[in-house]
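Have the chain open beside you as you read. We will go from one local feature to the next.

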Amino acid sequence: LLFELMPKRLQLLKEAVPGLTRVAVMYRAENANADRVLKSLAEPARILRITIIPVGVRDAGELEPAFEQFARQKAGGILPLPVLG
């Protein structure tokens with residue numbers, strides 16, 4: 001159920017930050033459901049005119065480089081995927 005709510009979370013983020021155009025989606029690299037969730041965000045992101053920046057991380061050591069990537073790509077928000085997989 002959490003994964004089905006991701007498009008709504010994206011919409012709420014856009015409502016909270018109206019000028020938002022780029023959103024980083026951070027997920028656990030080993031998460032088998034990540035591709036499905038990213039695909040479920042494609043259409044809502046298009047409608048909201050948001051570019052999705054997907055970044056998978058394996059461990060805490062990859063968090064800092066992930067946030068540096070978000071900054072380089074000018075992400076205006078971060079949407080973490082729930083850790084279930």
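Where does Asn 31 lie? This is a predicted model, and in it Asn 31 sits in the loop that joins strand E1 (22-28) to H2. Now check its surroundings. Asn 31 has a relative accessible area of 5%. That value is under 20%, so Asn 31 counts as buried. Its side chain also has a polar partner. A polar atom of that side chain lies 2.8 Å from the backbone nitrogen of Asn 33.

Follow the chain into H2. This helix covers residues 34-48, and its axis comes within 9 Å of the axis of helix H1, residues 6-16. The two axes cross at roughly 35°. The crossing is right-handed. Which residues make the contact? From H1 come Met 6, Pro 7, Leu 10, Gln 11 and Lys 14. From H2 come Val 37, Ser 40, Leu 41, Pro 44, Ala 45 and Leu 48. By class, eight of the contact residues are nonpolar, two are polar and one is charged.

Pick out Val 37 from that list. Val 37 belongs to helix H2 and is one of the residues in the contact with H1. Is Val 37 buried or exposed? Its relative accessibility is 1%, so Val 37 counts as buried. For a sense of distance, take Gly 61. Val 37 and Gly 61 are 24 residues apart in sequence. Their C-alpha atoms are 24 Å apart in space.

Ala 45 and Leu 79 are 34 residues apart in sequence, with 12 Å between their C-alpha atoms. Leu 79 is in strand E3. With 4% relative accessibility, Leu 79 is buried. What is Leu 79 in contact with, leaving aside its neighbours within four places in sequence? The partners are Met 6, Arg 9, Leu 10, Val 23, Ala 24, Val 25 and Met 26.

Next, the aromatic rings. How many aromatic pairs does a search of the whole structure find? The search finds one. The pair is Phe 67 with Phe 70. Their ring centres are 5.4 Å apart, and the planes stand at 75° to each other. That angle is over 60 degrees, so the pair counts as edge-to-face. Both residues are in helix H3 (residues 63-72). Phe 67 and Phe 70 are three residues apart there, which means a separation of about one helical turn. Phe 67 is partly exposed, at 42% relative accessibility. Phe 70, with a relative accessible area of 3%, is buried.

Finish with the backbone, at two loop residues. Arg 49 is not a glycine, yet it has a positive phi of about 60°. Arg 49 is in the loop between H2 and strand E2 (51-57). At 71% relative accessibility, Arg 49 counts as exposed. Lys 74 is not a glycine either, and its phi is positive too, at about 55°. Where does Lys 74 lie? Its place is the loop between H3 and strand E3 (77-80). With a relative accessible area of 65%, Lys 74 is exposed.

Conventions:
Residues numbered from 1 in each chain as written. Predicted model: local features only at pLDDT ≥ 70, side-chain atom pairs only at ≥ 80, totals over all residues. Heavy atoms only, no water. Axes fitted to C-alpha atoms, helices over the stretch in contact; angles between N-to-C directions. Helix = DSSP H or I, 4+ residues; strand = E, 2+ residues; numbered from the N terminus. Left-handed = near helix turned anticlockwise from the far one by under 90°. Contact = heavy atoms within 4.5 Å. Nonpolar A, V, L, I, M, F, W, Y, C, P; charged D, E, K, R; others polar. Buried < 20%, exposed > 50% of the residue type's maximum accessible area, 1.4 Å probe, protein only. Polar contact = N/O pair within 3.5 Å; in protein donor to acceptor, adjacent residues only side chain to side chain. Phe/Tyr/Trp six-rings, centres within 6.5 Å; stacked < 30°, edge-to-face > 60°.
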